[in-house]
Each structure stands twice: as C-alpha cells, then as structure tokens.
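Subject: Structure handover

Hello,

Here is the structure I promised to pass on. Please open it first, then read the notes below.

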Amino acid sequence: MLGLFFVVFYFLLIRPQQKRAKEHGAMVSALAAGDEVVTAGGLLGKVTDVGQDYIEVEIANGTTVKVQRNTIGRTLPKGTIKNA
C-alpha cells in the first residue's frame with residue numbers, strides 16, 4: 001500500500017516538477033541577446049548581454065538591469081514588448 005502511494009506521488013508531483021525544471025534549464029541556457037523575457041519578479045525586457053551567471057535586461061530605453069539567469073521566468077514572442 002505504501003509503495004502504491006509513493007508511485008502515485010511520484011507521477012503526480014515529482015515527475016512533472018522535474019520535467020518543468022528541465023525545460024526551464026534548457027530555456028535559460030538558450031537565452032541570447034535580443035530575446036524578450038519576463039523575470040520571476042514580473043519585469044518585462046529585452047536581453048542585451050549574456051554572461052555565465054547573469055544577463056543584462058533592458059527594461060526601458062537606456063535602463064538596463066542585471067539579473068541572475070535562473071530568475072528568468074519565460075521568453076516571449078518577438079514584438080511583445082511593443083504591444084505591452
């Protein structure tokens with residue numbers, strides 16, 4: 001009975017979380033200058049420089065912030081910033 005509980009727990013919670021972490025890691029490692037992104041804090045901007053641990057994101061004309069790579073929540077389709 002305990003084994004069945006673990007199997008259900010694994011397939012409903014652990015495995016999907018591992019899959020999302022793997023997809024996020026692939027997305028973060030593929031970031032390049034010019035990508036439009038949203039940070040985990042909700043900042044919307046365009047990637048201007050990519051380092052090993054940090055990236056620079058332009059959030060307004062002439063205003064850039066440096067954020068950790070893993071705080072990027074997701075990438076956006078090109079042109080999203082102009083329409084936001």
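**The salt bridge**

Asp-35 is buried, with a relative accessible area of 18%. (Buried means under 20% relative accessible area, exposed over 50%, and partly exposed in between, with a 1.4 Å probe and protein chains only.) Keep in mind that this is a predicted model, where local features need pLDDT of at least 70, side-chain atom pairs count only at pLDDT 80 or more, and totals for chains, interfaces and linings use all residues. Residues are numbered from 1 along each chain as its sequence is written, and side-chain values use heavy atoms, with hydrogens and water left out.

What is the partner of Asp-35 in the salt bridge? It is Lys-78, and the closest N and O atoms are 3.6 Å apart. Helices (H or I, at least four residues) and strands (E, at least two) are DSSP runs, numbered from the N terminus. Lys-78 counts as exposed, at 60% relative accessibility. A search of the whole structure finds one salt bridge, defined as a side-chain nitrogen of Lys or Arg within 4 Å of a carboxyl oxygen of Asp or Glu.

**Aromatic pairs**

There are two aromatic pairs in the structure. Phe-5 and Phe-9 are stacked, because their ring centres are 6.3 Å apart and their planes are at 25°. (Rings of Phe, Tyr and Trp, its six-membered ring, pair if their centres lie within 6.5 Å; planes under 30 degrees apart count as stacked, over 60 as edge-to-face and the rest as tilted.) Both residues lie in helix H1 (residues 2-29), four residues apart, so about one helical turn separates them. Phe-5 is exposed at 57% relative accessibility. Phe-9 is partly exposed at 37%.

Tyr-10 and Phe-11 make an edge-to-face pair, because their ring centres are 5.1 Å apart and their planes are at 85°. Tyr-10 is partly exposed, at 29% relative accessible area. Phe-11 is also partly exposed, at 46%.

**A buried threonine**

Is Thr-39 buried or exposed? It counts as buried, at 10% relative accessibility. Thr-39 belongs to strand E1 (residues 36-39). Leaving out residues up to four places away in sequence, Thr-39 touches Val-67, Thr-71, Ile-72 and Gly-73. Contact here means heavy atoms within 4.5 Å.

Best wishes
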